[in-house]
Amino acid sequence: QGLTSSEYVIYASISFSTVLPAVISTKDLLLTFSFFRECYADFIPLRPAHSKVWASAAILAALVGLASLGTHPELTYSLLWLSPLIALVSFAVIFEKRHILSGITYGDWTLVVTSSVAALVCGFFWEMWNYNSLSKWVYAIPYLHKFQLFEMPLLGYAGYLPFGLICVAAGELVRFKGGEK
């Protein structure tokens with residue numbers, strides 16, 4: 001007995017609507033541990049010179065990468081996760097706005113690490129629940145489809161690292177600040 005198209009849309013919408021809150025809540029939970037708050041707060045600073053020039057080049061590279069997904073998906077599939085992050089951060093740099101990677105210019109990697117680890121933790125549980133699901137995802141990752149953990153090849157979990165950054169960045173975009181709508 002399969003689901004009708006309407007039923008699938010309803011059930012999938014309910015399931016996927018929990019993704020942002022799950023990653024953001026897990027990031028917030030990780031921040032309650034002193035290890036995450038202190039270990040990466042004074043780490044290696046990265047201060048790129050000519051950041052607006054690099055950001056403009058990065059946007060162009062992200063767009064070319066996304067466009068190449070249609071012609072060379074087996075080589076560029078990882079850009080599906082990386083390009084939106086690159087674009088979000090690059091536009092923020094160009095418009096001199098705070099972004100998910102802002103802290104690393106001062107050596108504070110806390111948000112980067114906790115966001116990435118949060119998505120990895122959530123991803124582990126999502127893949128575990130997917131394994132025996134009636135309408136499960138089955139992956140086919142070119143060149144890396146080895147050593148599966150549930151349905152996901154082990155190296156495929158690396159995609160959750162930038163996904164966590166995207167989720168937290170997206171959460172910041174939609175969050176109301178100071179009562180403003």
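Me: How many aromatic pairs does a search of the whole structure find?
Reply: The model is predicted. Rings pair if their centres lie within 6.5 Å. Applied to the whole structure, the search gives 13 aromatic pairs.

Me: What is the geometry of the aromatic pair of Phe35 and Phe36?
Reply: The ring centres of Phe35 and Phe36 are 5.1 Å apart, and the angle between the planes is 80°. Planes over 60 degrees apart count as edge-to-face. The pair of Phe35 and Phe36 is therefore edge-to-face.

Me: Are Phe124 and Phe125 stacked or edge-to-face?
Reply: The ring centres of Phe124 and Phe125 are 5.4 Å apart. Their planes stand at 85°, and the cut-off for edge-to-face is over 60 degrees. Phe124, at 32% relative accessibility, is partly exposed, and so is Phe125, at 36%. The pair of Phe124 and Phe125 is edge-to-face.

Me: How many disulfides does the count come to?
Reply: The cut-off is 2.5 Å between cysteine sulfur atoms. By this rule the count is zero.

Me: What does helix α8 pack against?
Reply: Helix α8 covers residues 160-174 and reaches 21 Å from its first C-alpha to its last, close to the 21 Å expected. Its buried residues include Tyr160, Phe163, Cys167 and Gly171. The partners of the buried residues of α8 are α2, α6, α7 and β2.

Me: Which element gives the most to the largest nonpolar core?
Reply: This core has 25 residues, and Val23, Leu85, Ile100, Tyr160 and Phe163 touch the most other members. Two or more residues come from each of α2, α6, α7 and α8. With seven residues, the element that gives the most is α8.

Me: Which residues does Leu85 touch, not counting those up to four places away in sequence?
Reply: Leu85 is among the core residues that touch the most other members. Contact means heavy atoms within 4.5 Å. With residues up to four places away left out, Leu85 touches Ile100, Pro162, Leu165 and Ile166.

Methods:
Residues are numbered from 1 along each chain as its sequence is written. This is a predicted model: local features need pLDDT of at least 70, side-chain atom pairs count only at pLDDT 80 or more; totals for chains, interfaces and linings use all residues. Side-chain values use heavy atoms; hydrogens and water are left out. Helices (H or I, at least four residues) and strands (E, at least two) are DSSP runs, numbered from the N terminus. The expected span of a helix is 1.5 Å times one less than its number of residues. Buried means under 20% relative accessible area, exposed over 50%, partly exposed in between (1.4 Å probe, protein chains only). A nonpolar core is a set of buried Ala, Val, Leu, Ile, Met, Phe, Trp, Tyr and Cys residues joined through side-chain atoms within 4.5 Å. Rings of Phe, Tyr and Trp (its six-membered ring) pair if their centres lie within 6.5 Å; planes under 30 degrees apart count as stacked, over 60 as edge-to-face and the rest as tilted.
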